[in-house]
Amino acid sequence: MLIARSVALFAVAALFEIGGAWLVWQGVREHRGWIWIGAGVAALGVYGFVATLQPDADFGRILAAYGGVFVAGSIAWGMVADGYRPDRWDVTGALICLAGMAVIMYAPRDH
């Protein structure tokens with residue numbers, strides 16, 4: 001149950017962080033304006049809060065593991081939002097990052 005909750009929190013965090021960064025990108029690089037930028041900044045703030053809800057209390061572990069989710073999530077976001085088509089190396093790299101995330105977060109530990 002804790003692993004399912006943790007995975008769900010990582011997914012929600014990715015939605016807000018990647019979505020927030022994308023909104024800022026759209027506001028600045030695509031000249032969509034300050035409303036897009038502001039919405040992106042707000043979403044990034046929500047991401048920071050969602051990360052604190054992880055069951056594990058180690059900040060470094062959470063953020064390090066989240067990096068793998070961010071990599072894979074960014075590729076997926078680009079596919080959906082921008083029509084990006086990853087090549088086999090993008091996919092391989094994302095899978096390696098997700099495997100690293102799983103080891104960091106969910107490997108058995110002697111506590």
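Just after helix α1, His31 takes a positive phi of about 55 degrees. The model is predicted. Helix α1 covers residues 2-29, and its buried residues pack against α2, α3 and α4. A search of the whole structure finds two salt bridges, and the structure holds five aromatic pairs.

**Helix α1 and its packing**

- Helix α1 has 28 residues and reaches 39 Å from its first C-alpha to its last. That span is close to the 40 Å expected at 1.5 Å a residue.
- The buried residues of α1 are Ser6, Leu9, Phe10, Ala13, Ala14, Glu17, Ile18, Gly19, Gly20, Gln26 and Gly27.
- The helices against which these buried residues pack are α2 (34-51), α3 and α4 (88-106). Helix α3 spans residues 59-82.

**Aromatic pairs**

- A pair of aromatic rings is described by the distance of the centres and the angle of the planes.
- Among the five aromatic pairs in the structure is that of Trp22 and Trp77, with 6.0 Å from centre to centre and 55 degrees between the planes, a tilted arrangement.
- Trp22 lies in helix α1 and Trp77 in helix α3, so this pair ties together parts that are 55 residues apart in sequence. Trp77 is partly exposed, as its relative accessible area is 24%.
- The rings of Tyr47 and Tyr66 have their centres 5.3 Å apart and their planes at 35 degrees, so this pair is tilted.
- Tyr47 counts as buried because its relative accessibility is 13%, under the 20% cut-off. Tyr66 is also buried, with a relative accessible area of 4%.
- Ring pairs link Tyr47 and Tyr66 with Phe10 and Phe70 into a cluster. Phe10 is one of the buried residues of α1.

**Salt bridges**

- Side chains of opposite charge can pair when their charged atoms come close.
- The side chains of Arg61 and Asp56 meet in a salt bridge, at 3.0 Å from N to O.
- Arg61 also forms a salt bridge with Asp58, where the closest N and O atoms are 3.1 Å apart.
- Salt bridges that share partners join Asp56, Asp58 and Arg61 into one network.
- Arg61 counts as buried because its relative accessibility is 19%, under the 20% cut-off.

**Nonpolar surface patch**

- Met79, Val80 and Tyr84 make a nonpolar surface patch of about 300 Å².
- Met79 is found in helix α3. Met79 is partly exposed, with a relative accessible area of 34%, and patch residues need over 30%.

Key. Residues numbered from 1 in each chain as written. Predicted model: local features only at pLDDT ≥ 70, side-chain atom pairs only at ≥ 80, totals over all residues. Heavy atoms only, no water. Patch = residues over 30% accessible without salt bridge, like charges linked within 9 Å, V, L, I, M, F, W, Y side chains within 5 Å. Areas by Shrake-Rupley, 256 points an atom, 1.4 Å probe, with all protein chains shown as cover. Salt bridge = Lys/Arg side-chain N within 4 Å of Asp/Glu carboxyl O. Helix = DSSP H or I, 4+ residues; strand = E, 2+ residues; numbered from the N terminus. Buried < 20%, exposed > 50% of the residue type's maximum accessible area, 1.4 Å probe, protein only. Expected span 1.5 Å × (residues − 1). Contact = heavy atoms within 4.5 Å. Phe/Tyr/Trp six-rings, centres within 6.5 Å; stacked < 30°, edge-to-face > 60°.
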